[in-house]
Amino acid sequence: MTGFGLLFAVLPVILFGGIGLYVLGTALDRLRDAFVIRQSETVPVREAARRTGVDEFEGTVEPTDDHGTFDAPFSGAEAVLATYEVERRERKQGSTGNSTNNHTWNTYATGEITQPFLVRDETGCVEVDPDGADITPANTETRHETGGSLPDSVRLRLSVLTDRLDIDDVLAQNKSNRRRYSEGYIAPGDEVHLYGTEVIERTPGARAVDGRVGNADGASRYKITAGTESDAVRARVVAGIGRLLLGLVLTAIGAFIAFSGTL
């Protein structure tokens, strides 16, 4: 077998096997997060504002006086945090015709819109700096699917958020491809669960809060999830199992190709 022949023979094995192993790694990471959060103990908000070390707490979201809220770009809902995804409909490699079975949706752009917000329970209130957090929002859904320009109302909301997202990626249009726009957000009044916070500042001056918390040490386990601890655990278990199955399938395909090549 020539060098090029060998390369083409092993390339699918490397591709499927490598991607499969990577996906398996992310699956185990999600499941580990679920286990760690489940084993951790939530503390009252006021205690989270006073303790040292990594904390876990939950409460109700409120906007800060300085930052308020913003309109989520695709739905227009009032929000303090939001995530978005833009997908592009593309023809599957080697397929012909316009059947929906010959096309797939590929992620084109993703991002987050974040700002400080408050979390309150019956014991107190803290200001949260979400920078660096892994955000799992509520209300995730596809708001628009279009082959042309977005509605003027959406474009107006996006124009207000130009300093918080890459508007060129979101607005870029290709007339030959349909696009799907999805978002999730956390709104005032929502219940929210936080894991991996540390105190940045205790009892900030002239603020009616017990402290300011965030990802002070840059830890990779900083999580903000809409809902309660149970919701945080469930979201990561579901994501972990889904990735685990996908990783096993891809790895199995790579192993099958490798085994078939030795026959």
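This is a predicted model: local features need pLDDT of at least 70, side-chain atom pairs count only at pLDDT 80 or more; totals for chains, interfaces and linings use all residues.

I looked up the salt bridges and found that the structure holds eleven of them. I then followed one network, in which D29, R32, D33, D134, R221, K223 and R236 are linked by salt bridges.

I took D29 to begin with, and noted that D29 pairs with R221, the closest N and O atoms being 3.2 Å apart. Because D29 lies in helix α1 (residues 3-39) and R221 in the loop between β12 (211-214) and β13 (223-226), this pair ties together parts that are 192 residues apart in sequence. I recorded D29 as partly exposed, at a relative accessible area of 24%, and R221 as partly exposed, at 22%.

I next turned to K223, which meets D33 in a salt bridge (3.1 Å, N to O). Since D33 belongs to helix α1 and K223 to strand β13, the pair joins parts 190 residues apart in sequence.

I noted D134 as partly exposed, at 30% relative accessibility.

Separately, I saw that the charged end of R179 sits over the ring of Y108, 4.4 Å from its centre.

Last, I checked T197, which is placed in strand β11 (residues 191-202) and counts as buried because its relative accessibility is 0%. Beyond its neighbours within four places in sequence, T197 is in contact with G53, V54, D55, F57, V213, G214 and Y222.

Terms used:
Residues are numbered from 1 along each chain as its sequence is written. Side-chain values use heavy atoms; hydrogens and water are left out. Helices (H or I, at least four residues) and strands (E, at least two) are DSSP runs, numbered from the N terminus. Buried means under 20% relative accessible area, exposed over 50%, partly exposed in between (1.4 Å probe, protein chains only). Contact means heavy atoms within 4.5 Å. A charge sits over a ring if NZ of Lys or CZ of Arg is within 6 Å of the ring centre and within 35 degrees of the ring normal. A salt bridge is a side-chain nitrogen of Lys or Arg within 4 Å of a carboxyl oxygen of Asp or Glu.
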